[in-house]
Amino acid sequence: MQFSRQKNMEEELNADPFITCKKCNRRSRKSQWVSHYYACPVCGKLKNVSASYRLSIIFDKGSIRIQDQNITSQDPLNFPGYKEKLQATREKTGLSESAVTATGKIGGQKVMCIILDSRFFMGSMSDAVGEKVTRGIEYATKHHLPLIIFAASGGARMQEGIFSLMQMAKTSDAVEEYSRNSGLYISVLTHPTTGGVTASFATLADITLAEPGALIGFAGPRVIEQTIGKKLPAGFQKSEYLYQHGFVDQIVPRENLRETLKSLLRLHGMKVKEA
Amino acid sequence: MIRNILEQTDKVDAKLAVLSKSAKKHTIMLTRSALSSNDSDDEKASSPEDISALLEEERKEILHLKGLKNDLLEQCRDLTPADRVVLARLSNRPHITDFIDALFTDFFEQKGDHLYDEDPSIYGGIALFHGIPVTVLGHRKGSTVEENMACRFGMPCPEGYRKAMRLMGQAEKFGRPIITFIDTPGAYPGMEAEEHGQGEAIARSLAFMSHLSVPVISVVTGEGNSGGALALSVCNRMLMLENAVYSVLSPEGFASILWKDSSRHEEACALMKLTAADLYENGIVDEVIPEPRGGAQTDPVSVYRSIEDTIARHLKPLLKMSPKEITADRHKKFRKL
């Protein structure tokens with residue numbers, strides 16, 4: 001009798017396990033995190049989420065079409081241990097690369113969406129990421145679709161050296177071409193957006209949004225502290241700091257994101273249904 | 001290895017300079033004594049024979065030292081990537097100001113981004129190249145300590161990149177080709193730089209350069225690291241000096257990110273494929289410009305001539321293209337990477 005009750009409790013726990021917040025260290029039930037869009041139910045700190053989760057909260061149900069899943073990193077420098085690490089990360093995340101590109105509908109309006117998933121090599125820019133992002137932007141240009149990019153990146157993929165760097169030029173070129181064809185580009189900066197991604201497509205949008213509390217910058221805080229020889233002030237390079245310094249239009253909490261995007265699409269003359 | 005050789009050649013060079021000076025003095029003394037046959041009131045009163053023996057000695061020593069120097073430079077035949085990083089960063093390696101003096105005429109310097117500030121780490125203006133008006137700009141590290149500090153050793157702030165865009169925008173307006181010289185440890189990682197949008201400034205420069213309708217030729221002359229270097233090198237033709245390096249990050253930064261240990265930078269150099277030969281092989285660099293043995297600083301004049309010839313050769317076909325073809329040509333170069 002007692003045994004079966006214990007078993008029931010275990011099942012209940014497994015179905016709704018606890019997740020500990022990295023900031024406040026408090027544990028909350030997964031169901032509570034989900035209802036808060038993966039913001040800590042206690043302190044509000046956002047948890048990094050997967051690309052598929054992001055797609056699910058902004059797009060109409062059943063409208064998502066993933067593209068270019070077969071593009072993967074080629075290990076151009078033959079970097080020791082890189083191939084193995086790639087394989088292990090693929091198995092762990094179920095992703096082929098950190099960039100996920102897809103079309104989907106928001107209130108019936110088709111859009112092109114590119115998401116960097118920070119679980120894959122910290123969303124770093126590899127040859128394959130640059131290629132997928134570029135193809136996504138080119139698709140949006142060709143089909144006159146609005147473009148939404150969720151950036152999250154530690155910067156360049158070191159293991160791909162100069163080939164990683166060149167993706168900055170390639171993707172920026174694609175954004176410029178898209179922009180000259182009157183495309184609407186909305187960039188959503190999420191935690192963390194740094195290095196080569198900040199210094200290329202992520203900061204070239206018409207509308208730049210940021211999630212609360214995200215680290216956004218070019219150089220990492222550690223490098224800056226080493227260079228200037230002093231501690232950085234609290235909140236430096238956070239979304240709110242960039243907002244104050246004039247590089248972000250609005251900071252948007254996750255639960256408001258879909259509505260904000262709908263409103264922006266409408267403001268650019270597109271038909272967007274209420275539901 | 002290379003540091004050792006350079007130290008020794010420096011010593012030989014110093015000795016050579018002293019010897020040449022004294023040999024010159026003795027030659028003059030000899031000529032004078034030949035001209036005035038009677039004993040002069042020279043207090044040293046060395047006989048012409050003495051001087052001539054001395055001179056002979058000095059000439060022998062000079063020949064010997066020159067041979068020694070050549071032997072030392074011969075050892076620079078097989079340089080490791082780490083050696084080239086050392087050469088690329090040498091403070092006496094020719095810099096942008098030297099290149100502009102040597103390759104261009106009528107240089108008119110333009111300053112400031114005309115938005116907020118002047119950043120001396122980006123140096124540029126309008127000049128004539130073989131009689132053609134061009135916009136020339138690039139990273140400036142500075143040659144004296146004061147210049148080094150003012151230019152943050154060639155690490156630009158956002159204002160620098162915005163200044164570069166201003167200059168390049170004018171080049172496009174007036175149909176001038178653009179020539180950029182790349183030599184930077186990277187964009188400056190400082191607090192104000194971040195507050196003023198370092199990432200945004202670099203991104204804008206990349207997007208802006210990608211669609212320029214005038215020819216852009218970039219010459220990597222020293223070290224070209226990270227987005228800070230790429231921001232001025234979205235070009236139609238990328239040329240690179242033999243001992244210059246170009247990479248995603250400094251080898252120290254690379255080692256620090258991958259292995260949390262910046263002291264492993266030599267190991268990083270070997271893996272990064274950052275030399276001119278590697279980049280040529282990978283299709284990123286269009287032509288490697290040879291340097292004299294031991295590096296550009298050993299004979300800068302020959303380097304100026306090689307760069308000048310190479311730029312002229314690459315510019316010629318580009319000048320014949322239409323603005324649309326120029327943009328398409330550049331797009332093609334980067335799209336395939």
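Author: In chain B, the domain assignment gives domain 1 (2–78) and domain 2 (86–335); such bounds come from an automatic or database domain assignment. This is a predicted model, in which local features need pLDDT of at least 70 and side-chain atom pairs count only at pLDDT 80 or more, while totals for chains, interfaces and linings use all residues; side-chain values use heavy atoms, with hydrogens and water left out. Residues are numbered from 1 along each chain as its sequence is written, and chains are lettered from A and ligands numbered from 1 in the order in which they are written. The average pLDDT (the predictor's confidence in each residue, from 0 to 100) of chain B is 94, and 97% of the residues score at least 70. For the complex, the predictor gives an ipTM of 0.94 and a pTM of 0.94.

The C-alpha centres of the two domains of chain B lie 40 Å apart. Contact (heavy atoms within 4.5 Å) joins 7 residues of domain 1 of chain B to 7 residues of domain 2 of chain B. Between them these domains bury about 650 Å², with 69% of it on carbon and sulfur atoms; buried area is the accessible area (1.4 Å probe) that two parts lose on being put together, summed over both. On the side of domain 1 of chain B, the residues that lose the most area to domain 2 of chain B are B:Ile2, B:Leu6 and B:Leu73, together 57% of what that side buries.

The rule finds 1 salt bridge across this interface of domain 1 and domain 2 of chain B, where a salt bridge is a side-chain nitrogen of Lys or Arg within 4 Å of a carboxyl oxygen of Asp or Glu. A salt bridge links the side chains of B:Glu74 and B:Arg293 (3.4 Å, N to O). Both α1 (2–35) and α2 (48–74) of chain B supply at least two residues of the side of domain 1 that touches domain 2; helices (H or I, at least four residues) and strands (E, at least two) are DSSP runs, numbered from the N terminus. The largest share of that side, 3 residues, comes from α1(B). By class, the side comprises 4 nonpolar, no polar and 3 charged residues; Ala, Val, Leu, Ile, Met, Phe, Trp, Tyr, Cys and Pro count as nonpolar, Asp, Glu, Lys and Arg as charged, and the others, Gly among them, as polar.

Turning to the interface between the chains, 43 residues of chain B are in contact with 48 residues of chain A. Chain B and chain A bury about 3,900 Å² between them, 70% of it on carbon and sulfur atoms. In chain B, the greatest losses of area to chain A fall on B:Met191, B:His211 and B:Arg335, together 17% of what that side buries. There are 2 salt bridges between chain B and chain A. B:Arg335 also meets A:Glu131 in a salt bridge between their side chains (3.0 Å, N to O). Among the elements of chain B that each supply at least two residues of the side touching chain A are α7 (191–195), α8 (198–210) and α14 (323–335). Of these, α8(B) gives the most to that side, with 9 residues. The side of chain B that touches chain A has 23 nonpolar, 13 polar and 7 charged residues.
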